[in-house]
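Have a go at each task before you read its solution.

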Amino acid sequence: DYPADSRAATPAGRWMKELLERESTYRVLDRLYTVAAEAGLTMVQMALLWNLRLPVVSASIVGATKISQVDEAISAMEQPPLDEATLTAIDRALAI
């Protein structure tokens, strides 16, 4: 079950629930958590830095529902850009 305030618990979040029920999703997430930890980042920080590294991206829209989520997103901007080793590790982690 998902928390009542989770997007996955809403009718519009059905796609998210289906994704979260796949075992392969958790294998990828486990690998990404390891990459983030080795880089000294949270998953949120790493995801935002990964997205913002692209020259065509001028801003990331963060769908925060809690102040703590906003705070974590802001903390990503206090981090240096992802280095090549971390970017390579992310690419490897995403390979299914």
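**Getting started**

Read along the sequence, the protein follows the pattern α-α-α-α-α, where helices (H or I, at least four residues) and strands (E, at least two) are DSSP runs, numbered from the N terminus. This is a predicted model, in which local features need pLDDT of at least 70 and side-chain atom pairs count only at pLDDT 80 or more, while totals for chains, interfaces and linings use all residues. Residues are numbered from 1 along each chain as its sequence is written, and side-chain values use heavy atoms, with hydrogens and water left out.

**Exercise 1: the overall picture**

Task: find how many helices and strands the protein has, and what share of its residues is buried.

Solution. Start with the secondary structure: there are five helices and zero strands. Next, look at the extent of the model: its C-alpha atoms fill a box of roughly 40 × 30 × 25 Å, taken along the principal axes. Finally, take burial (buried means under 20% relative accessible area, exposed over 50%, partly exposed in between, with a 1.4 Å probe and protein chains only). Of the 96 residues, 23% are buried.

**Exercise 2: the nonpolar core**

Task: which residues form the largest nonpolar core, and which helix gives the largest share?

Solution. Begin with the term: a nonpolar core is a set of buried Ala, Val, Leu, Ile, Met, Phe, Trp, Tyr and Cys residues joined through side-chain atoms within 4.5 Å. The largest one has eleven residues, namely Val28, Leu32, Val35, Ala36, Leu41, Met46, Leu49, Leu82, Leu87, Ile90 and Ala93. At least two residues of this core come from each of α2 (23–38), α3 and α5 (84–94). The largest share, four residues, belongs to α2.

Now zoom in on Leu49. Not counting residues up to four places away in sequence, Leu49 touches Leu41, Ala76, Gln79, Pro80 and Leu82.

**Exercise 3: two residues compared**

Task: is Thr86 buried or exposed, and what does Tyr2 touch?

Solution. Take Thr86, which is found in helix α5. Thr86 counts as buried because its relative accessibility is 11%. Leaving out residues up to four places away in sequence, Thr86 touches Val35 and Ala39.

Move on to Tyr2, in the segment before α1. With 29% relative accessibility, Tyr2 counts as partly exposed. Leaving aside neighbours within four places in sequence, Tyr2 is in contact with Ala8, Ala9, Lys17, Leu20 and Glu21.

How values were computed:
Contact = heavy atoms within 4.5 Å.
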